[in-house]
Amino acid sequence: MAESANAPVKQEPVDAVNLESRILELCMEFPKGLTDAIIQNSMPQFDAQQRVTAINRLLSTGQVDLLKSSTGLVYKLKDSAAVSKVKGSDHQERLVYQIIEAAENKGIWIRDIRFKSNLLLTQVNKILKNLESKKLIKAVKSVAASKKKVYMLYNLEPDRTVTGGAWYSDQDFESEFVEVLNQQCFKFLEQKAALARDSKADPMAQKNAAYTSSSDVWKYISELGISKVQLSIADIETILDTLIYDGKVERTVVAAAAGGDADAGQLKLYRAISPLIQPTGLMKTPCGVCPVIKDCYEGGAVSPSTCIYMKEWLDY
Amino acid sequence: MSSSATRLCFLILKERYGEVVASVACCLAKKNYCPLRMLSQDSGLKLDQVKKALCTLIQHNLVTFQQNKKGFIEYVIHAEKVLQQTRFPRYIYCAKTLYGDPAELIIEELLQHGQMTLEKVVQRTIDRLTEAMEGKQNVSSTLVKEKFVNLVQTHFVQRCTSPDGNVENKEVASMPVLSVSPEELYVVPKMELDGFESRKRKRSGEGSEAASKRIKTDESESSESSIFWRVNVSRFHQYLRDQAIVQAVASKIDKNAAEVVRAMLRLSEVKTDEGALVASAMTVTEVFQNLPREFGISKQTIEQYMKLLSEDSSEFVSKVSDSGGGMYVINFKKLITVLCRAHIESAVQERFGSKCFRIFRLLLMKKNLEQKQIEEYAMIPSKEAKELLYRMFEEKFVSLTEVPKTPDHAPSRTFYLFSVNINQVSRMLLERCYQACGNLIIRREHETKENRRLLDKQQRVDAITASMEQSGADPSQKEEIEQMITPPEKAQLTKIKHMTNKIEHSELQLDDTIFILQTYLQYAHMK
């Protein structure tokens, strides 16, 4: 530094290179942005003209960015990785790339890119196509709306909200997979309950023995190997919840022992239960399940004495 | 009253008491309060016919009368009592399981005749019992009377209202005032029992008309024998309700738990007022003492069962305090609500399938949900979930609330929340039950009408063979008569029998649902 300060004017090209590298160093020191005043203070030996040429060179080679902030113009170091990737592309392409990068693994919709970049639709389309062919970004279909495509960087794993988690493959909800898991979970819990019933222990112990934690169910399902994708405990809990809605399973929450595998000190326990009643009487008559009962009256097109459902039921 | 309920009333009354009574009752049902003349005008029947019909209805406790402000006598029909007529077989069965065959016949007689004196009930019961045993065994009247007193003491049978003897100015009062004091409602006067005995002895001894007439005019005796008795349906309903609860416990937990609950209910019968929504509190010790010894359940186990019952999601019993080793109550209102919910859920399950069942229960648990949340929680693909949900919405099992974000109710800025209103759904299902029950009755009548000729023929053949048997005719002759019914006819007859049985069986099953729904709605009103 001292040497360069003392150096005579004829060594100017060396100084210019020196100045550029100094500015880059300073940019690293101030990741929030480097103002012109800081450069001037740290390198008083260069005049304004020299600084301007150096900065212009840095900007044109894409090593720094010029940004406007509340305190005036600031310089920021450009992400070198991004620079290397979008090398050879123009300004607009770089801009779009940055927007997509900011969206992370949630992805961004094409309309939002247009709004943020202020570019025309045709331009954006062209750029996106370009970037896609370079394998810098990829388009992912969202499960929320099947027609909606979102863009994200090529190497990113899409977020759960985009893919829908383990229950979706290619935007389709795997209802069969869910059904199978639902049945298997219930089978497991039911076996456990049957074992508890046969144990001949006192009633309280029987009930407690029938309870199974969600992690045990998870282990059982993992060992069965039904699922190609790796399921989490939370996934299994959503399946178990559907069993609760089916009225086949009951849940209780207990405080987990210290160091247990459950989060937040809670342990979710599930157990298979028997139904409260037999199918209700109304549904044992043909009228209970009749689809046209609204139009049924004596003398009508549909009437009890001519009812074919009733006839089938009586002949059975 | 809804149209389907009126229709069912008409069908029930027509089947039991004929067309005239049914049409008078229906006219009355439409009017609420109605004087005699108007009734005759509306129904287009002669005054005499209407009078007779009203007599029948009053006899069966279906109609009461009162004097309005202007001095008219008005008649009121109790439609709910008409609808209860389909439940008669269940009352009779209750009496049989509780007190045996004589009680069964007592209740049957009382139900068939509406109101009866003790003397007549006992006499008819004895006659029928002897007939059933074909005279092999003599039935003692003391046994039957004992059963009757049992039924009265347990409130299954109660006294009818009777004209007040103290009303002096009978000329002024155009209507007899019917009343019975609450203390006397379930009391069998000693005189009634003894008097009956002595009268009978005298009558059988002297065997003359004059003697019995003399006794009847005797001051004290005549006043006693004018006491009429009838079946107390609300007591039977209480029993049926308790049965339903015990069954639910047996199904959800196990037989022993059901026995514990049964013991608790038996205790509460004694301790709790009729119509109370919550049984009075009882301790574990009390329950233990009330449990029959043969179950061999220790007190500790009972304590465990109590804990189990109170911790269950249906909350069969609830603990109210720790005194006396834990006081427990049975909350009838809560339990009936749970049962009613279960019946509605079962209806959804059977009618729409298990996926709809899942959505329905989800809505019951989470109250208000948006379409998208339903799909997520129930894990049903969006398209299918929509279809299922809208089908239930169409059939009014699910209701919808609009919550607009802006005052213009624009669909894009509105939340659509789906929910289930249990009260409304149970009303709707009850209507459906009435309609189904009516349909079954019509179908049964239709089947019998279709095969009227064949059934008549069988009846004739049966009558002939019976008379031949009595006269001791030749077996070959009897066979000849029996062969008048050809084999295809026989097959048809068994088929008809099978069909009527099936229909009657489902009528009873249907009543199961009706009972729970009615009880739930009744309790929901009581708050």
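Mentor: Helices here are DSSP runs of H or I with at least four residues, numbered from the N terminus. With that in place, B:Q304 is found in helix α16 of chain B, residues 299-311. Keep in mind that this is a predicted model.

Trainee: Ok. Is B:Q304 buried or partly exposed?

Mentor: B:Q304 counts as partly exposed, because its relative accessibility is 21% and buried means under 20%.

Trainee: Which residues does B:Q304 touch, leaving out those up to four places away in sequence?

Mentor: B:Q304 touches A:D202, A:P203 and A:M204.

Trainee: On to the contact between the chains. How many residues does each chain put in?

Mentor: Chain A gives 50 residues and chain B gives 55. The area buried between chain A and chain B is about 4600 Å², and carbon and sulfur atoms give 62% of that area.

Trainee: Which residues in chain A lose the most area to chain B?

Mentor: A:Y245, A:L276 and A:L314 do, and together they account for 18% of what the chain A side buries.

Trainee: What about a pair inside chain B?

Mentor: Take B:F148 and B:W229, which form an edge-to-face pair, 5.6 Å centre to centre with 85 degrees between the planes. The pair links distant parts of the chain, 81 residues apart: B:F148 is in helix α9 (residues 141-153) and B:W229 is in strand β8 (residues 228-231). B:F148 is buried at 0% relative accessibility, and B:W229 is also buried at 0%.

Trainee: Which residues form the aromatic cluster?

Mentor: B:F88, B:Y91, B:Y99, B:F156, B:F236 and B:Y239 form one cluster.

Trainee: Zoom out a bit. How many helices and strands does chain B have?

Mentor: Chain B has 24 helices and 14 strands. Of its 527 residues, 46% are buried. The accessible surface of chain B comes to about 27200 Å², and 51% of it belongs to carbon and sulfur atoms.

Trainee: What share of the contacts in chain B joins residues at least 24 apart?

Mentor: It is 63%, counted among contacts between residues at least 6 apart in sequence.

Trainee: What does UniProt place at residues 8-67 of chain B?

Mentor: The unreviewed UniProt entry gives "domain: RNA polymerase III subunit RPC82-related helix-turn-helix" there. In the model, residues 8-67 are 73% helix and 13% strand, with the end C-alpha atoms 29 Å apart.

Trainee: And at residues 344-420 of chain B, which feature does UniProt place?

Mentor: That one is "domain: DNA-directed RNA polymerase III subunit RPC3 winged-helix", again from an unreviewed entry. Residues 344-420 are 56% helix and 18% strand, and the end C-alpha atoms are 11 Å apart.

Trainee: Last topic, two single residues. Where does B:V329 lie?

Mentor: B:V329 lies in strand β11 of chain B, residues 327-329. B:V329 is buried, with a relative accessible area of 9%. Its C-alpha atom is 5.5 Å from that of B:S318, eleven residues away along the chain. Leaving aside neighbours within four places in sequence, the contacts of B:V329 include B:V278, B:A279, B:F316 and B:V317.

Trainee: And where does B:S4 lie?

Mentor: B:S4 lies in helix α1 of chain B, residues 3-17, and counts as buried at 11% relative accessibility. Not counting residues up to four places away in sequence, B:S4 touches B:E431, B:Y434 and B:Q435.

Conventions
Residues are numbered from 1 along each chain as its sequence is written. Chains are lettered from A and ligands numbered from 1 in the order in which they are written. This is a predicted model: local features need pLDDT of at least 70, side-chain atom pairs count only at pLDDT 80 or more; totals for chains, interfaces and linings use all residues. Side-chain values use heavy atoms; hydrogens and water are left out. Helices (H or I, at least four residues) and strands (E, at least two) are DSSP runs, numbered from the N terminus. Buried means under 20% relative accessible area, exposed over 50%, partly exposed in between (1.4 Å probe, protein chains only). Contact means heavy atoms within 4.5 Å. Accessible areas come from the Shrake-Rupley method with a 1.4 Å probe; for residues, only the protein chains shown count as cover. UniProt positions are given in the numbering used here, feature names are shortened, and annotations may be inferred rather than shown by experiment. Rings of Phe, Tyr and Trp (its six-membered ring) pair if their centres lie within 6.5 Å; planes under 30 degrees apart count as stacked, over 60 as edge-to-face and the rest as tilted. Buried area is the accessible area (1.4 Å probe) that two parts lose on being put together, summed over both.
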